[in-house]
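The sequence and structure come first.

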Amino acid sequence: MTRIIPGEAALLIVHFPPQHVAEQAFIQNKAGSLFAGPPPVMALLAGPSRLVFKLHDDRNEWPLTMDTLMDWQAYEPVLSANALPFEATSGPGIKKPVPLETALEVPTGLYLSPDRFGTWYHSIQPVGSEGRFELWHTRLGAARPKEPGADTKDTNDTPVYSRVIGTTDVQFPFKTSLNAGGNDTLTDIARLSSDFSMPRMPGTNGLPNWLQRPIDRLIIRNWQKRLADKGLPLKYVPSPVRVRRLMLSSAGAWANLESAWDYPTIIKGVNDGLGYDPLSLEQWQHIAAQGRDQYVKTVRKGYLCDTGHRVSIVTITRREFQPYQIRTEHTQDGNIGIFGSIAYLRQYEYIEVQEPIKDYTPLAWAYAHNGREMPFKTIRITTRATPMLDPHPEGLFWPMVGGKPFLFQMVAEDAEGKTVHMERPLLFVPLTVQQRTISRFPFFRVIVKDTFIDWHDVKLEYEKSHYLDYKTVPLHAQSVAFAETTTEGKGKTSLSAENITFTMQLVDDAGKLGKLTNGQPPFLPEVTAASVRIPSVERLLGRSLPVDIKLAEDYLTGGMDPQNNRGELFAELPTSLALPIPPELTGGLVKPDMSIAGLSRLLGPVDKLDQFRNNKLDTSMFDKASFLGGITLKDILIEAGSLDLDHFEHADLPVEDLLAKLDKPSFKLKIPLLTSREIYPPGVDPKKPTAPPIAVETRFLWKPDIRDHTIGPFQFQPEAALGQLILRTILVTPLNGDPLTFEVYGQLKKFKLAFANALNLDFESLSFRSVDGKKADVSVEGLALTFTGPLKFVDTLKNIIPSNGFSDPPFLDVTASGIRAGYTLSVPTVNVGIFSLQNLSLGAALTLPFVNQPAGIRFNISEREKPFLVTVGLFGGSGFFALSLNAHGIEQIEAAIEFGGNVSLDLGVASGGISVMAGIYFGMDKDNVMLTGYLRCGGYLSVLGLISLSVEFYLGFSYLDKGNEKGEVWGQATVTVCIDIAFFSKSVELKVERRFAGAAGDPTFGQLVSPSEWENYCEAFA
């Protein structure tokens, strides 16, 4: 061999046939239900490869021998400008190798080149044994000086590196090991391995710094400062590919290549536009044998939406044998299946979590509401890697396994530091997506390159309606603090959550986008809704009552600032929820059927949010809350003005101090307080607990201002400045499963009940007390009964009623429906001369129902079954009276009286007598009125006992009001004459009866004439 042109380099170029073939890869899933094939399998052969060496400059001729041609270790390799050693920190950008430079297309589509330390080792002579010879091959090794000045030699422990110096721009028409997910993996590998030109200062058209026109140094320094502010390196140093094995042969290459790159994470809108291109590849490993892939792994950056955790999507392509039946042979022993196998490339993907813990506290400024829309401070994903994923579309996708969304296991920490466990699907968002463009010069082709993902497209995909269930996460009654709290108020914003709904908040404000650093994507998680169980309400009601809530706009915009959110409202209910509190848990005196429209850190459940936001209490919230079962609380409440926050603080006072304040007439709690707090063991400071709580205490407290009210015949009149209504319930629920304990107390002080301006009941105190479900203790003290108006005449009789008649009542009945207390007092027989009064009794009963029925009182003088008797000389009579009143008016009036006289005369030969008796009964209730009367007159005469004559006259009548404007008067008169002469007796009776019903009570024509009778009547005239 002779140098052709003296002074120019003499090159030895070794050409190799294609060293690799790209084969079609078939998707694999966890269930193994996807099969590869059938053959033939699509494949694409790589182009030829070459090694270029420069011969020694001090010689012009070389012998044409195998030793000369194969002694590559003695020659200098001719390499591309960016095929630099591992230690290199600067160099040119990426470009394709020229024909006179070393370029190995391994794998297909990539140009691989060793650095100057790469040395090829092979045998010149055939290597074989017993007539069998191995395939000739050459192996890449390294020859590096171990110490300065030492000879270079190949050692097994010396790492070997190469760089991917360019791509062939090949476009695979099928899925291969290096185009998963639609990404331009080939270009990423080349740029990450050998592109020393990044970053490129914007506006320089991508030229290296040393070829740029002179630019003002201030502009360069400003650009470098912007890079530093974003945490981006001023210079990216590419990392070469570690070569664990690379052998070339005439039948293909054996390769074991791997590399990992620490390339900055470039996010659109966050840190783009500073000279770094979007490259998402993190890791590449490639194992091939005789030109065919055996195992390929690529790792790309991505994020989980909405939580923002950084993850990697790992694509594994490996060769697996798949059996198949070749044919069936028929033998004497039966049919035998002949099977073979085909080694297909199978490909699957899974996700690895690279950022397990996401802390949202430092990102509060990026939220629209300073982070208040996110109750969780941190979310830790405990799932380190998913199983094999189902096939999915390119770009955005919800990871699926076995046809179901994969649930990432998470542990969140709320505003109070409590941990909340959850599992939920998340949207995978790749850092880059593939963009296809068409080029018509120099020839028609499709160009594929990676570009930034559009975050608005991410939001549109995430918010699709059919993914709503993916964003609603079951929490199974775990306690969550939905709003910020204080050490003293710990637990006031905590609710037992059945589920919680997340959404994605896009950070699209330019000012905020510019502040995001450390690879934070421009989206954040927020909580939009939740289904919760309010512990204080449920413990009060004694049943589960899940409600839907959302964070209140007041809290989102103003937090707990007293100027913007005076009532500390933190949650709203989309629809107000009726709160039917059992009266036995509020003192028995009221049945407060209130509603819940929101939740306050100070007050607990509240209603009428518009009024509440204006620091007003609208008493219409008590429209359905009944007092003493008869009138609404709104009617007797004095409307409150602005909210007094000082009153709210009393809810946290010790029980003893609170009781002392409640007994003072001047102390008021104008708004019902429903609060819940944790109880710790004795000696444990709740502000710095060293042990878990042992119980939860729930309180319902209320002491409003009350006023006079009249409804129908019923009047409620509290004493000025002294009338008080106190309601208190304290429930303690042990957390160890023991039964809850409670104390219920209700009390009315200094008030009067007036009925129809006829009866007044003055109370010093009416109280109800129940402890741990024991029999209720009802006490009425200081009761004074007075009669006025039409019943004032009875007041004389009242003087004989004991003044303590109700303090220790003769009967007291407490049932689930209410309380009934009263007495019956019998008056001794009075005899004064010809006057006699017998069987006189007085009775009264007071009814206070728990259920929504009116309170009432009944007063009676004797009873129907035991009337009083009065006689004066020849005349006598009997009667009774009963009156029942309630808050709705007169319930029943019943009265009867009978009177008469009797005179007789005996003259010896003749005797006789006359008698007259009359009576009347009146009865009235809600539906009927009845009036009945009679008159009976009679006389008799007897002469010598032989002749007797008797005459009797009887007249009776009744009036009955049947309702619906129908009434009826019925009357009967009878005259009976009886004569006895000796043994002869004769009696004659004359009777007449009349009924007057009026027009409304007369029968109709249809009632008098049947259809058949009417038909016969009509036929008679046909």
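## Aromatic pairs

The structure holds 18 aromatic pairs. Rings of Phe, Tyr and Trp (its six-membered ring) pair if their centres lie within 6.5 Å; planes under 30 degrees apart are stacked, over 60 edge-to-face, and the rest tilted. In tryptophan 398 and tyrosine 470 the ring centres are 5.1 Å apart and the planes meet at 70°, so this pair is edge-to-face. Tryptophan 398 is in the loop between strand 22 (376–381) and strand 23 (400–401), while tyrosine 470 is in helix 5 (residues 468–471), so the pair ties together parts 72 residues apart in sequence. Helices (H or I, at least four residues) and strands (E, at least two) are DSSP runs, numbered from the N terminus. Tryptophan 398 and tyrosine 470 are both buried, where buried means under 20% relative accessible area, exposed over 50%, and partly exposed in between (1.4 Å probe, protein chains only).

Phenylalanine 406 and phenylalanine 408 are also edge-to-face, because their ring centres lie 4.9 Å apart with planes at 85°. Both of these phenylalanines are buried. One aromatic cluster is formed by Trp398, Tyr462, Tyr467 and Tyr470.

## Basis of the model

This is a predicted model, in which local features need pLDDT of at least 70 and side-chain atom pairs count only at pLDDT 80 or more, while totals for chains, interfaces and linings use all residues. Residues are numbered from 1 along each chain as its sequence is written, and side-chain values use heavy atoms, with hydrogens and water left out.

## Charges over rings

A charge sits over a ring if NZ of Lys or CZ of Arg is within 6 Å of the ring centre and within 35 degrees of the ring normal. Lysine 471 lies over the face of tyrosine 462, 4.7 Å from the ring centre. The charged end of arginine 424 is placed over the ring of phenylalanine 502, at 4.4 Å from its centre.

## Cysteines

The structure holds zero disulfides, a disulfide being a pair of cysteine sulfur atoms within 2.5 Å. Cysteine 305 is buried, with a relative accessible area of 0%, whereas cysteine 978 counts as partly exposed at 21%.
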